[in-house]
Amino acid sequence: MVCGPLKGVIMSLGIIADGSRVKLHFALRLADGQEVDSTFENDAAELSVGDGNLPEGFEECLIGLTTGDHKTFTVPPEKAFGQPNPQNLQDMKRSDFPVDMPVAPGLMVSFADAQGAELPGVISSIEGDYVTVDFNHPLAGKELHFEVQILEVKDAD
């Protein structure tokens with residue numbers, strides 16, 4: 001399915017538009033079929049289209065869908081979490097980590113940024129006294145495959 005913004009769509013009950021509140025089931029899979037997340041066996045997700053919390057490409061594919069639709073679509077990295085940024089790989093001294101922390105590749109660690117907000121990273125390698133931490137989003141560079149089932153659509157009002 002090719003996705004893109006629809007021009008001139010009148011927001012009406014049951015049709016997803018910018019600002020709609022949507023209740024849906026979704027599954028997120030990678031190109032190799034690995035399931036990253038799904039609500040199909042759990043409670044449905046609720047979201048607001050256009051609030052900035054969803055990848056651009058995912059929202060574009062939701063626009064125009066209606067209550068009852070069950071669709072699949074693919075979102076390229078550029079419209080999802082972007083490509084990995086080499087500047088988001090940081091080398092840190094092993095001594096910067098707690099002595100009792102089992103530092104190993106693949107371990108997710110949490111740091112605080114300058115404003116005190118949580119900043120997760122994944123240890124990508126260890127070379128001598130240095131640990132490389134990858135602060136890219138784990139889905140950066142990945143083509144995302146979504147399956148959605150639209151359960152309910154409400155206007156922004």
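User: Which residue in β8 is the bridge partner of Ser 125?

Analyst: In β8, Ser 125 bridges to Thr 132. Keep in mind that this is a predicted model, where local features need pLDDT of at least 70, side-chain atom pairs count only at pLDDT 80 or more, and totals for chains, interfaces and linings use all residues. Residues are numbered from 1 along each chain as its sequence is written, and side-chain values use heavy atoms, leaving out hydrogens and water.

User: How do you know that strands β7 and β8 pair?

Analyst: Two strands pair if DSSP finds at least two bridges between them; strands (E, at least two residues) and helices (H or I, at least four) are DSSP runs, numbered from the N terminus. Strand β7 (residues 118-127) and strand β8 (residues 130-134) have five bridges in the antiparallel sense, so they pair.

User: How many aromatic pairs are there, and why is the one between Phe 58 and Phe 146 called tilted?

Analyst: The count is five. Rings of Phe, Tyr and Trp (its six-membered ring) pair if their centres lie within 6.5 Å; planes under 30 degrees apart are stacked, over 60 edge-to-face, and the rest tilted. Phe 58 and Phe 146 are 4.4 Å apart centre to centre with 45 degrees between the planes, so the pair is tilted.

User: Why does Phe 58 count as buried, while Phe 111 is called partly exposed?

Analyst: Buried means under 20% relative accessible area, exposed over 50%, and partly exposed in between (1.4 Å probe, protein chains only). Phe 58 has 4%, so it is buried; Phe 111 has 21%, so it is partly exposed.
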